[in-house]
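Please read the numbered points beside the sequence and the 3D view.

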Amino acid sequence: MSLEQRVERAFACRFGGSPVALARAPGRVNLIGEHTDYNDGFVLPMAIDRAVWIGFRPRDDRRVHVYSLDFDTSACFPLDDLRKAGDGANADDDWAAYVKGVAWALQEAGHTLCGWEGVVSGDVPLGAGLSSSAALEMAAARAFAAVSGLAWDAAAMARIGQRADNDW
């Protein structure tokens, strides 16, 4: 069974029904070295054949409910009261902080977001220098854009992901 099919099946089990859409974002390798992108250095990234998938559907409220197949944990948060772990909110799992950070960065950029529920899974190795966190951020940005009716501007969304990564 493909990763895409696993996400769809897990969504049906967790939320009932099928996801309205699937978002996919690949991992990447930087051909001229790691850790240069966020240090204002030159980069030459290339997408790889591994990715993060999110099966999702919109909600009628401004809450996000997302389940990670890889970590067997859920995260739920309101878009109207985003908090970092440690400032009165429940501690975020590392993976969920990336999703929440994207929501924060999108709202900081002036976008009005709608809530969604989804299942996330990926096969980008964690901690291997293949940008698993960026893949999760871009898949989450795709989900937020789809449910909120935002136009997809790839360069702007990459900057949103970068802001989430650096500032959240």
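1. Terms and basis. In this note, a contact means heavy atoms within 4.5 Å. Helices (H or I, at least four residues) and strands (E, at least two) are DSSP runs, numbered from the N terminus. The model is predicted: local features need pLDDT of at least 70, side-chain atom pairs count only at pLDDT 80 or more, and totals for chains, interfaces and linings use all residues. Residues are numbered from 1 along each chain as its sequence is written, and side-chain values use heavy atoms, with hydrogens and water left out.

2. Confidence. The pLDDT, the predictor's confidence in each residue on a scale from 0 to 100, has a mean of 86 over the chain, and 84% of the residues reach 70 or more. Among the elements, the highest mean pLDDT, 97, belongs to strand E3, and the lowest, 84, to strand E1 (residues 21-30). Residues 88-92 have a pLDDT below 50, although this stretch has ten contacts in the model beyond near neighbours in sequence. Where pLDDT is low, the predicted coordinates should not be read in detail.

3. Overall arrangement. The chain contains four helices and five strands, in the sequence order α-β-β-β-β-α-β-α-α. Of its 168 residues, 40% count as buried; buried means under 20% relative accessible area, exposed over 50%, and partly exposed in between (1.4 Å probe, protein chains only). Among contacts between residues at least 6 apart in sequence, 69% join residues at least 24 apart.

4. Helix H2. The end C-alpha atoms of this helix (residues 94-108) are 21 Å apart, in agreement with the 21 Å that its 15 residues should span at 1.5 Å a residue; the expected span is 1.5 Å times one less than the number of residues. The buried residues of H2 include Trp95, Val99, Gly101, Trp104 and Leu106. Packing against the buried residues of H2 are strands E3 (63-68), E4 (73-78) and E5 (116-122), together with helices H3 (132-148) and H4 (154-167). Just after H2, Gly110 adopts a positive phi of about 95 degrees.

5. Ala96. This residue is found in helix H2 and counts as buried because its relative accessibility is 4%.

6. Helix H3. With 17 residues, H3 reaches 24 Å from its first C-alpha to its last, close to the 24 Å expected at 1.5 Å a residue. Because 14 of these 17 residues are buried, the helix is largely enclosed by the rest of the structure.

7. Glu137. Leaving out residues up to four places away in sequence, Glu137 touches Tyr98, Val102, Gly161, Ala164 and Asp165.

8. Nonpolar cores. A nonpolar core is a set of buried Ala, Val, Leu, Ile, Met, Phe, Trp, Tyr and Cys residues joined through side-chain atoms within 4.5 Å. The largest has 38 residues, of which Ile54, Leu106, Trp116, Phe144 and Met157 touch the most other members. Elements giving two or more residues to this core are E1, strand E2 (45-58), E3, E4, H2, E5, H3 and H4. H3 gives the most, with ten residues. Apart from this core lies another, of eight residues, among them Val7, Ala10, Tyr67 and Val119.

9. Met157. Not counting residues up to four places away in sequence, Met157 touches Leu106, Met138, Ala141, Ala145, Leu150, Ala151 and Trp152.

10. Phe15. This residue is found in helix H1 (residues 3-15) and is partly exposed, with a relative accessible area of 21%. Apart from neighbours within four places in sequence, Phe15 is in contact with Arg57, His65, Glu117, Gly118 and Val119. The C-alpha atoms of Phe15 and Glu117 are separated by 7.9 Å, although the two residues are 102 apart along the chain.

11. Cysteines. The structure holds zero disulfides, a disulfide being a pair of cysteine sulfur atoms within 2.5 Å. Cys13 is exposed, with a relative accessible area of 68%, whereas Cys114 counts as partly exposed at 31% relative accessibility.
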